[in-house]
Amino acid sequence: MPVVSRGVVYSLIAVVFVLLLGITALLSVSYHRHQRLEDATIDFQRNLTQQESKIVELQTKLANCDTAQAAPPTDTSWGTSASTDSVQVIKKTTPPKW
């Protein structure tokens, strides 16, 4: 083989080798991105399942909640307990005049 054609063959082999390395690097990057996407998808599905279970739990609590029987909150702003059935009236008594 002449020297010129031998150099061309070596150059072509080097180019093919570099292209194969580039393809390998691109495939590696693509694989790692795919793995991250798959992990994110699994995490998203897990979070979605947890949120769905919370929604179902809150719906059952809401269905079991009866607001008509709920007692009104006690007003303790004056330090006395308020009666929910009747209002207490404080009468002022004056001593009799003799």
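I began with the patch rule: patches are made of residues with over 30% relative accessible area and no salt bridge, with like charges joined within 9 Å and nonpolar side chains (Val, Leu, Ile, Met, Phe, Trp, Tyr) within 5 Å. The model is predicted, so local features need pLDDT of at least 70 and side-chain atom pairs count only at pLDDT 80 or more, while totals for chains, interfaces and linings use all residues. Residues are numbered from 1 along each chain as its sequence is written, and side-chain values use heavy atoms, with hydrogens and water left out.

**Fold and surface**

I looked up the secondary structure and found 1 helix and 0 strands in the protein chain. Helices (H or I, at least four residues) and strands (E, at least two) are DSSP runs, numbered from the N terminus. Helix H1 covers residues 3-64.

I then checked burial (buried is under 20% relative accessible area, exposed over 50%, partly exposed in between; 1.4 Å probe, protein chains only). Of the chain's 98 residues, 0% count as buried. I read an accessible surface of about 9900 Å² for the chain, with 64% of that on carbon and sulfur atoms. Areas come from the Shrake-Rupley method with a 1.4 Å probe; for residues, only the protein chains shown count as cover.

**Nonpolar patch**

Val-16, Leu-20, Ile-23 and Leu-27 make a nonpolar surface patch of about 390 Å². I placed Leu-27 in helix H1. Leu-27 is exposed, at 58% relative accessible area.

**Salt bridges**

I searched the whole structure and got 2 salt bridges. The cut-off is a side-chain nitrogen of Lys or Arg within 4 Å of a carboxyl oxygen of Asp or Glu.

Asp-43 and Arg-46 pair at 2.9 Å, N to O. They sit 3 residues apart in helix H1, so about one helical turn separates them. Asp-43 is partly exposed at 38%, and Arg-46 is partly exposed at 45%.

Lys-61 and Glu-57 pair at 3.6 Å, N to O. Both lie in helix H1, 4 residues apart, about one turn. I noted Glu-57 as partly exposed, with 42% relative accessible area.
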